[in-house]
Amino acid sequence: MNNNSSYPSNMDASAEETINIKSLISKLTDKWPWFIISVLFCLSIAYIYIKYTAPVYQINAKLLVNDNDKGGSLSAKASPLMDFGGLIGGKSSVDNEVEILKTRFLMEQVVRQMELNIVYYEKSKLILREINEAPFKIKLIKGVDTIKTITLNVDKATDNGLEISGVDLDKHVNWNEIFDINGVGKLQIIRTNNKTIPDKRFSATIFSIDQRVAALMASLSASVSNKQVSIIELGLQYSLPKKGEDILNALITRYNESNIEDKNTIADSTTKFIQNRLAVIARELGDVENKQQSFKQSNELTDLSEQSKMLVQTTSALRNELAKAEVQVEVVNDLEKYLKDENKNKRVFPTSLLPSDMVFSGLMNQYNALLVERDKQLLSVTEESPFIINIDNQIRSLRNGILGNVQSTKNTLVVTRNKLVAQLGQIENRVGEVPQIEKNYLILARNQQIKQELYIFLMQKAEETLISKTSNISIAKTIDPPKAEFQSVAPKKDVIMIIGLVFGIAIPILLILSIAQFSTTITGKEDITSRTNVPVIGEISHNEDINNLVVANKGRSAISEQYRALRTNLSFYLKNENEKIILLTSSVSGEGKSFTAINLGNIFALTGKKVLLMELDLRKPGLSGKLGVSNKVGFSNYTIDRSVKIEDIVKPLSINSNMFIISSGPLPPNPAETLMSEYTKELIDALKKEFDYIIMDAPPVGIITDAQLLADYADVTLYLVRQRVTKKDHLAIADDLYTSGKMKNMGIVVNDINSKSYGYGYGYGNYGVETKLPWYNRILKYLKLGN
């Protein structure tokens with residue numbers, strides 16, 4: 001029979017995949033105690049985490065933003081112009097306010113104001129929990145440049161002082177005493193409302209401002225949930241509900257104060273500009289009035305003639321109009337100089353100097369808003385930031401637009417003024433009949449009236465600006481004050497327990513798969529079929545007894561049935577009467593050759609066949625010792641001493657009357673040459689005539705070549721593989737012998753199998769084949785609480 005026996009060596013892909021899945025499930029179910037222990041352990045860790053982790057609460061608040069008042073978009077009056085694309089971007093003021101609320105600078109002011117960089121804890125039930133207010137307060141008198149995080153344990157001393165301890169720190173201090181801490185600076189501890197320290201353990205952790213700001217910023221959220229309304233939803237997650245509410249309240253208060261400060265900055269700039277102009281106009285008005293008075297005194301004028309009075313009455317309307325035109329031209333000239341002054345490029349502009357020009361007012365509002373936004377952003381980024389560069393480009397573009405608008409307005413006002421001057425010129429030509437003294441007086445009076453109108457106009461604008469400043473309010477209004485939710489948002493108990501359960505299941509799976517992946521020994525059938533083409537023709541379970549005579553002592557056991565299955569499989573190989581020699585070998589010693597030889601021989605003997613066991617491992621014999629047979633005379637004696645007859649070395653076995661053994665005999669000096677003796681073939685030929693089956697227990701083929709010397713006599717070769725003992729790499733030896741044809745009719749017998757890890761689907765009992773027990777019965781059986 002050739003090596004291509006009736007047992008297929010390779011399976012199709014789907015069958016192999018099915019076997020792999022079954023094998024994997026079998027490996028996992030075999031380690032079910034691991035899962036129970038792992039799940040219980042992980043659930044315990046999850047429970048401890050939930051119990052000893054401080055709960056975190058969600059604090060929420062809502063702000064209503066007056067979108068029309070924000071400088072981020074043009075005023076409502078100028079909106080028709082800005083609807084054509086917007087000069088400074090498309091975000092609404094609500095979105096801008098959201099970004100302002102999330103700025104680091106705003107949170108830093110809150111941290112400094114509330115001294116949030118010092119956190120107080122109280123030890124309770126073996127853990128430290130943050131508290132709202134401690135019976136003492138640590139004041140940072142002078143900190144170092146970079147404060148390192150440090151935790152100070154504060155205990156009450158016997159002399160009414162305090163014991164301060166920490167890492168590399170242990171000192172006694174008195175109340176209000178200033179002391180130094182390395183890496184922190186000068187500190188002082190004072191009483192809180194004259195409270196005494198109870199007999200509890202307190203501690204305080206001192207963080208740097210930046211570190212504390214970053215932590216609070218990570219727990220802060222600000223968003224606009226509905227774009228149709230201008231409502232900002234603020235959220236903060238904190239472990240103390242009351243303290244979290246105070247932090248969010250302080251943030252909103254500081255935000256409102258900052259918003260009002262921005263508006264006051266613009267009002268102050270307008271006031272300053274007007275005051276400077278008033279000082280100049282006041283001097284000019286004083287000079288004109290002084291000249292007028294000097295002129296009257298020098299010319300002894302008390303009253304104008306009737307003719308002069310008629311001229312004054314006739315030209316009064318024109319002078320008033322001209323005075324207003326001169327005032328507007330002066331204001332526009334000053335604005336034009338202000339805009340062209342490079343030193344004032346980053347200053348806010350007064351917005352109410354040209355109230356009649358709605359476009360100018362809208363552009364100025366936009367310009368000032370961009371400047372304020374730029375100053376805010378520079379608190380957290382540099383001038384090289386793309387965002388700042390973008391704002392600068394928008395400011396430059398808007399400034400050019402404003403300058404163009406001012407120049408256009410100036411041209412219009414100059415034309416109007418020139419027309420009024422021309423009309424007055426015509427009137428003045430008619431004053432030729434008026435005496436020269438009165439004519440000169442009229443010129444002085446006209447100049448005085450122009451200056452006076454300009455002065456009154458600026459005074460009016462100054463008062464309007466001051467009134468508007470007093471009425472400045474924040475752009476945002478709190479419509480839902482900060483309030484903590486009743487239930488904590490973290491840790492989420494259900495989620496943590498589910499995570500614990502998942503980890504409890506995943507950890508043993510990963511361990512089992514890792515062990516299987518990195519295991520060097522054979523654990524499952526796929527380890528064999530994936531590495532060799534040699535067919536598996538027998539699978540023998542693990543023997544719980546120390547006795548090797550399983551078939552003889554327990555004829556209805558699972559192992560006995562498995563040897564019967566092996567006997568049946570061998571019948572496909574040993575079809576002829578002359579085919580009766582079975583060779584047993586393996587990769588290394590200890591893989592169950594002798595155990596298999598004994599029980600396989602016994603299973604053949606039970607059918608009435610005469611079976612001979614040959615102990616041909618001349619280097620390390622063990623078969624005779626397991627059967628309790630003397631090894632003084634055996635195979636080596638026969639090949640060396642011709643006086644020894646076959647009947648002298650064939651010994652009956654007590655376990656079955658049909659079983660016999662030829663032991664190895666004394667160890668020869670040259671085992672390989674002994675097996676190659678010319679008398680070996682003579683002996684085997686004689687034995688084949690006397691016995692139905694001859695089972696040769698040969699040495700391991702992976703170590704020495706003795707087994708290959710006996711392969712010529714064998715009709716079938718059983719290659720023993722032991723689960724968790726045979727190395728996966730050793731299967732290459734069997735595959736090489738099989739493919740090269742050095743051993744004919746070769747098959748693998750897997751020995752010492754743990755049926756669960758190997759992948760059995762059925763087991764054998766005292767009453768024949770039975771299906772695998774349900775998982776709960778197997779657990780009870782494992783715990784010896786059930787059958």
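**Strands, helices and burial in a predicted model**

Of the chain's 787 residues, 45% count as buried. The model is a predicted one.

Reader: What makes a residue count as buried in that 45%?
Author: Buried means under 20% relative accessible area. Of the 787 residues, 45% therefore fall under that cut-off. The chain as a whole exposes about 40,900 Å², and carbon and sulfur atoms supply 53% of this area.

Reader: How do you know which contacts join residues at least 24 apart?
Author: A contact needs heavy atoms within 4.5 Å. Among contacts between residues at least 6 apart in sequence, 78% join residues at least 24 apart.

Reader: What makes β4 and β9 a pair?
Author: Two strands pair if there are at least two bridges between them. Strand β4 (residues 136-143) and strand β9 (residues 185-191) have 7 bridges, so they qualify, and the sense is antiparallel. K137 stands opposite I190 in β9.

Reader: Why is β8 also called a partner of β9?
Author: The criterion of at least two bridges applies again. Strand β8 (residues 178-181) is joined to β9 by 4 bridges, so the two pair; they run antiparallel. F179 stands opposite L187 in β9. The hairpin of β8 and β9 has 3 residues between the strands, and G183 there takes a positive phi near 85 degrees.

Reader: What is the strand order in the open sheet, and what makes a strand an edge strand?
Author: The sheet has 6 strands in the order β3-β2-β10-β5-β6-β7, with antiparallel pairing. Its edge strands are β3 (127-130) and β7 (169-173), each pairing on one side only. From one strand to the next, the twist averages 30 degrees.

Reader: How do you know that β3 pairs with β2?
Author: Strand β2 (residues 118-124) is joined to β3 by 4 bridges, and pairing asks for at least two, so the pair stands. These strands run antiparallel. E122 has R129 in β3 as its bridge partner.

Reader: How do α2 and α12 pack, and what is the handedness of the crossing?
Author: Helix α2 (residues 32-52) and helix α12 (residues 493-518) pack at an angle of about 145 degrees, and their axes are 8 Å apart. The crossing of α2 past α12 is right-handed.

Reader: What kinds of residues make up the contact of α2 with α12?
Author: The contact of α2 with α12 has 20 nonpolar residues, 3 polar and 1 charged. Asp, Glu, Lys and Arg count as charged, so the 1 charged residue is one of these types.

Terms used: Residues are numbered from 1 along each chain as its sequence is written. This is a predicted model: local features need pLDDT of at least 70, side-chain atom pairs count only at pLDDT 80 or more; totals for chains, interfaces and linings use all residues. Side-chain values use heavy atoms; hydrogens and water are left out. Buried means under 20% relative accessible area, exposed over 50%, partly exposed in between (1.4 Å probe, protein chains only). Accessible areas come from the Shrake-Rupley method with a 1.4 Å probe; for residues, only the protein chains shown count as cover. Axes are lines fitted to C-alpha atoms, for helices over the stretch in contact, and angles run from 0 to 180 degrees between N-to-C directions. A crossing is left-handed if the near helix is turned anticlockwise from the far one by less than a right angle, and right-handed if clockwise.
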